[in-house]
Amino acid sequence: MNAPRLTVRGIRARAVEVPMKLPLGTSAGILRSAALLLVDLETEEGVIGRSYLFCYLPAAAPAIATMLGEIERTVKGDKIVPAELWAKLARRFKLIGVQGIVRMAMSGFDCACWDALAVAADKPLVTLLGGQPRRIRAYNSNGLGLMAPEAAADEAEKLLEGGFRAVKLRLGHPSPAADLAAVRAVRKRLPDSVELMVDYNQALTFVQALERGRALDSEGVAWIEEPIRHDDFRNCAGLAAALATPIQIGENFSLPEQMHEAILAKACDFVMPDLERIGGVSGWQRAAALAANSKQPMSSHLFPETSAHLLAVTPTCHYLEYVDWASAILAEPLRIVGGEAVIPDRPGTGVAWDEKAVERYRIG
């Protein structure tokens, strides 16, 4: 990579809460809005790098912003070399641990660094990383939460707008029969060419997951996501070995090291790292190498704008998870054409704020 020389001047963080067009009902609770923290990395050269974080809870945003302030104090005046900055911050936070909101803040900063470097080079991020802008196959992950079977089928049909050829259904109803009824209602309504993924959001015990997974093996499901606790790699491996339907995990991998542990344990068939947990763009690159070495299909979790660039240079690229949660505050939201994400031919990741919308949804 031949990137321009940039210097950290400051970091600005602003919290917004954006209403979701479709509420997301999961086994862990219902989300009706997305709490996002917008990150602006200012450089001495006048280039701004941007990224955002998904805070899950609005109350988490000020805490993450505080950690970004500590990051600013630690790296102010340093040259933007992402690997070196990550190493310096890892040393700074070694005693508290690069976990939770510390890791989220570091990841958001890393993504903004890479965006700034690509903007300064006047190249899309994918080009800076050695690839070319192209379309990435996506599945629609908006809505389709826990609901009655016919309501789920109605919503699944709506999710095909934009030409999507894959959608994801949340499961974890009180009974196996209710899960099966939801899957069958949705599957019946979708064209045969459309793939259906299901996500339990860690709702089940191993015994429950084995029972429900076996029932799903004959239902034409593309993958079963996080059926049990995300870090129970031994039992995840048991499910992967016992079930015909692929097991998908990864959104909760904490840095590439934990993903490596999962791969060694044969805990899954597919992986789907999350940018704010895997370590930003730098962590993603390491994770992609691990997936390539193990020949495991790799998808993304959230953050479709930046993830599309990264999947385009991921050797085992599988699916982009598409959600529109940030679209309301973006100047130019990510486009979906024919069920594929169109990587913009603009410098950086393409993330830029609609400032009027930011003010409308700003919190704190």
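Helix H8, residues 233-242, has as its buried residues Phe233, Asn235, Cys236, Ala237, Leu239 and Ala240. By buried I mean under 20% relative accessible area, with exposed being over 50% and partly exposed lying in between, for a 1.4 Å probe and protein chains only. Helices, which are H or I runs of at least four residues, and strands, which are E runs of at least two, come from DSSP and are numbered from the N terminus. The buried residues of H8 pack against H7, S8 and H9; contact here means heavy atoms within 4.5 Å.

Before I continue, a word on the source. This is a predicted model, in which local features need pLDDT of at least 70 and side-chain atom pairs count only at pLDDT 80 or more, while totals for chains, interfaces and linings use all residues. Residues are numbered from 1 along each chain as its sequence is written, and side-chain values use heavy atoms, with hydrogens and water left out.

Let me turn to strand S8, residues 247-249, where Ile247 lies. Is Ile247 buried or exposed? Ile247 counts as buried, because its relative accessibility is 1%. Leaving aside residues up to four places away in sequence, Ile247 touches Ile224, Pro227, Leu239, Ala240, Ala267, Cys268, Asp269 and Phe270. Two of the residues named there, Leu239 and Ala240, are among the buried residues of H8.

My next topic is a pair of helices. Two packed helices are described by the angle between their axes and the distance between the axes. Helix H1, residues 60-75, packs with helix H2, residues 82-92, at an angle of about 115°, and their axes are 11 Å apart. The axes are lines fitted to C-alpha atoms, for helices over the stretch in contact, and the angles run from 0 to 180 degrees between N-to-C directions. H1 and H2 are therefore roughly perpendicular to each other; that term covers 65 to 115 degrees, whereas angles under 35 count as roughly parallel, over 145 as roughly antiparallel, and the rest as oblique.

Which residues meet between H1 and H2? From H1 they are Glu70, Ile71, Thr74 and Val75, and from H2 they are Leu85, Lys88, Leu89 and Arg92. By class, this contact has four nonpolar, one polar and three charged residues. In that scheme Ala, Val, Leu, Ile, Met, Phe, Trp, Tyr, Cys and Pro count as nonpolar, Asp, Glu, Lys and Arg as charged, and the others, Gly among them, as polar.

I come now to charged pairs. Side chains of opposite charge can pair when their charged atoms come close. How many salt bridges does a search of the whole structure find? The search finds 20, a salt bridge being a side-chain nitrogen of Lys or Arg within 4 Å of a carboxyl oxygen of Asp or Glu.

One of them joins Asp40 to Arg14, with the closest N and O atoms 3.3 Å apart. This pair links distant parts of the chain, since Asp40 is in strand S2 (residues 29-43) and Arg14 in strand S1 (residues 8-26), 26 residues apart. Both Asp40 and Arg14 are buried. They also belong to a network of salt bridges that links Arg12, Arg14, Asp40, Arg50 and Glu355.

A second example is Arg189 with Glu150, at 2.8 Å from N to O. Here Arg189 in helix H6 (residues 176-189) and Glu150 in helix H5 (residues 149-158) are 39 residues apart. Arg189 is partly exposed at 26% relative accessible area, whereas Glu150 is exposed at 51%.

Glu219 lies in the loop between helix H7 (206-216) and strand S7 (223-225), and Arg184 in helix H6, so the pair ties together parts 35 residues apart in sequence. Glu219 is buried at 12% relative accessible area, and Arg184 is partly exposed at 45%.

I shall finish with residues in loops. Asn201, in the loop between strand S6 (195-199) and H7, is not a glycine, yet its phi is positive, about 50°. Asn201 counts as buried, at 18% relative accessibility. Lys266 also has a positive phi, near 55°, and lies in the loop between helix H9 (255-264) and strand S9 (270-271). At 65% relative accessibility, Lys266 counts as exposed.
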